[in-house]
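Please keep the sequence and the structure in view while reading.

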Amino acid sequence: MNRELDALEFPDAARLVQSGARTAPAKAALGAMHPWDGLAGLRRLHQMELQNLWTQSPDLLPILAMDESLDELLNPAGWLLPEHWRQLRDGLKAMSRLLQSLASLPWPETRPAPHGVHLGIDRLQVTAALLPDPAPLADRLAKSFNADGQLDPLRIPALASLHRARQDAFQAVQAKLQKLLRSSPDAFNEATVVERNGRFCLPVRQERRSLMPGLVLDRSGSGATVFIEPMEAVPLNNAFVEADRDYAQAVQAFLRELLADLRVRREDFARWRALQAQADQGIALLRWAALCDGRLPDLEPDPKRGRLCLLEARHPLLLPAVRESMGLEPLPHPVVPLNLVLEAEKPGLVISGSNTGGKTVVLKTVGLLSALAACGCAVPAREGSSFPALPSLHADIGDHQTITGSLSTFSSHILHLKAILKHVRDGGLVLLDELGTGTDPKEGAALGVALLQTLSRRRCWILCSTHLGEISQWALRHARFQNASVQFDEDRLAPTYRLLVGQPGQSRALTIAAKLGLPEPVLEHAHRVLGKREQDWRDFLRELEAERTRLLEETETLRQREAAAEKDREILRQREEKLRLERESFQKESKEKVARVLDFLDYEGKRLVKELKERQKAAEINADRLGTEAHERVKQLTRLAETELAPRGAKSQPAPPREVREGGYARHRGLGVEGKVASLKGDRVVLETPQGRRLECRLGELEPIGAREAAPRPSGRVRVRAEVQDVESEINLIGRASDDVDSEIYRFVEEALAAGRRFIRIVHGHGTGKLKAAVREALRGHPGIARVEDAPQNQGGAGATVITLK
């Protein structure tokens, strides 16, 4: 890593990016990352390709490292241990799933490819589609090895019989030795079978070895125990040793054959490993973007074009999440975003202002984000940020606030500037901190101006900080430079860390000294030494900064008001749109409902008139009964129409908690027929109406009512007029209770008004006069009635009421 990148803390950021990788090749590649490695376009391409799937379903992009197992496998002399077989089996299984996910990654045709890559060659999807699937190898390993990576011989036919023979021999020798242990328990120090030199034996006490004749295989360190292989167990041990040897040889032969088969596909393993490393790098870069809340900025391939645009940018190592991941304490104050725009025609910026105001942070932020963007990494900045190409990057940044001004320090500073002038490339980025310090201010300013002028001729992007007013004044007159300052709150004697582009700043040494209580005579003498011209310049800068601060505050207030107004407008627009849709839906629904009801009433009315005419022609007819039935039919039609045309959301009164029971009263929900429950058998009900008719229906079609509701209406003689126009223009209430006609009269009048009728008639008969009085009372005060009077003698006289409508 070069000196400039070290000064920008690029290695720390690169290590954070590297920590997101899972495989050794990916870690190595990210560790060697730098802005001029030519891989920025490829890194950007892979991030753009993986981003949607990784954000939505990260489990579809599994990365399981196989570094140790692949190192042994690809090494001709390597040998895999159980942990290697387990790693290889799980890694190949994950690789198969990774290949399937990568091969299905789409790429929108409207999305351009990053600079320096080709969508038909460099995409992960293209490579994954060309590679073979490692799933068969993973299945083969899964059938040969258990979960711990140990070989499972019972799944391998060539080893199963040898394994069973070895187990039988082992059980035989163990059974024989256990029997001997039980036969002479006093002869042994421990009642257990032990193994020495591949043969099983018993631990016999030295003084009782005569009780267990056999071969001495070993002795304990104290000599108190002799490990004896009983003569009875010798042939069994021999059989076990032979079976164990045959089985071990077969296992070694199987593993060698398996390794040979795998090494035949050495090229496939190398390509799988390379693709996994590329996907791992892309995912590590996406993890970095999530950690710093970053985005991929726009990049201009030509360093002499485009612009350097930072929108709400922040130094990554100052962010709380990043500092927590590095084990650092959080900052005592929030990070102030940096907003900076430099055009190619004006690429120089001179930053001035007070100490500890954030000038160095600005330089480091611009430098580090430029380096990260040139590497193809995301940067913590808002959408729309952009960077020019970075042919070279040079930074002369150090803590000059503690420099004593010695010759050696200044000489080191000059040597670094000399190296910058020697190696800088046209269009490169140059960052200079505290330009002109370390020597006489006049000479330092002259040297700084000359250096900036030279770099400007190379069309470099230049950001420098300085305390020298001569350099800031020179930048005001130069066409390719502009001034900036870091804002300072004089009341609090603290910086705000906000960069103000277009305005030079001042160090405020005398202001801070006065606030901190330096004696007044000393300050007055300092002002006299400073000179009238310098005082005027500082006063001008102070007034300019105050005015700019005021304008910034007003702009922010206006922006907030505009945002609030825009939000209110959007809410109103959504509400208006919702009301419009609801109104259109309601109008359409109402028209359909009214048309449906009118068609139904027209059809039923015509059918009713036709039926009445047919029954009127019959030889024998009971006029009272016919009138009552006609009234019930009209009442039923009215109830159905009211139910259909009821307003949406209207809630009916809850019915009393009654049950349909035999002997009780009920109403048919669909037909409106009321009557007494004559019989109730299971789900079948017979309903008897007051007119003596019987209706058979299901229990769920009825609702219980009181006996008073179902009581038959008193009937009287009624003259039925069959003409349609007479039925529509009059209503017959004879036989109705005087307290049960108000709603029907009101509905009749409203329907007549809606139909545009001029005269209507209500027939109530003479009787006791109560029904007539009830009719007149119901009509009193109606706004649509012009006159109410008795009908002419030829139309019923006092037994009917004629109403003239307005």
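Alanine 666 has glycine 675, in strand 16, as its bridge partner. Strand 15 (residues 665-668) and strand 16 (residues 674-681) run antiparallel and are joined by three bridges. Helices (H or I, at least four residues) and strands (E, at least two) are DSSP runs, numbered from the N terminus, and two strands pair if DSSP finds at least two bridges between them. The model is a predicted one, in which local features need pLDDT of at least 70 and side-chain atom pairs count only at pLDDT 80 or more, while totals for chains, interfaces and linings use all residues. Residues are numbered from 1 along each chain as its sequence is written, and side-chain values use heavy atoms, with hydrogens and water left out.

Strand 16 is also joined to strand 17 (residues 684-688) by five bridges, and these two strands run antiparallel. Here lysine 676 has glutamate 688, in strand 17, as its bridge partner. Strand 16 and strand 17 form a hairpin with two residues between them, and glycine 682 in the turn has a positive phi of about 65°.

## An open sheet and its helices

Strands of a sheet pair through backbone hydrogen bonds, either parallel or antiparallel. Four strands of this model form an open sheet in the order 1-2-4-3, with antiparallel pairing. Strand 1 (194-196) and strand 3 (214-219) stand at the edges with a single partner strand each, so one side of each has no neighbour in the sheet. From one strand to the next, the twist averages 50°.

Five bridges join strand 3 to strand 4 (residues 225-230), and the two run antiparallel. The bridge partner of valine 216 is isoleucine 228, in strand 4. Helix 10 (residues 234-263) packs on the sheet, touching strand 2, strand 3 and strand 4, and its direction makes about 145° with that of strand 2. Helix 9 (residues 157-183) lies across strand 2 (199-205) and strand 4, running at about 10° to strand 2. Axes are lines fitted to C-alpha atoms, for helices over the stretch in contact, and angles run from 0 to 180 degrees between N-to-C directions. Contact means heavy atoms within 4.5 Å.

## Helix 15

Which residues of helix 15 are buried? They are Gly444, Ala445, Gly448, Val449, Leu451, Leu452, Leu455 and Ser456. These residues lie on the same side of helix 15, because they cover an arc of only 165° around the axis; the arc is that of the directions from the helix axis to the C-beta atoms. Buried means under 20% relative accessible area, exposed over 50%, and partly exposed in between (1.4 Å probe, protein chains only).

The exposed residues Lys442, Glu443 and Arg457 are carried on the face of helix 15 turned away from its buried side. Arginine 459 follows helix 15 and has a positive phi, near 55°.

## Nonpolar cores

A nonpolar core is a set of buried Ala, Val, Leu, Ile, Met, Phe, Trp, Tyr and Cys residues joined through side-chain atoms within 4.5 Å. The largest one has 52 residues, among which Leu372 and Leu463 touch the most other members. Helix 13 (residues 359-375) supplies the largest share of this core, ten residues. A second, separate core has 41 residues, including Trp54, Met95, Leu262 and Ile283.
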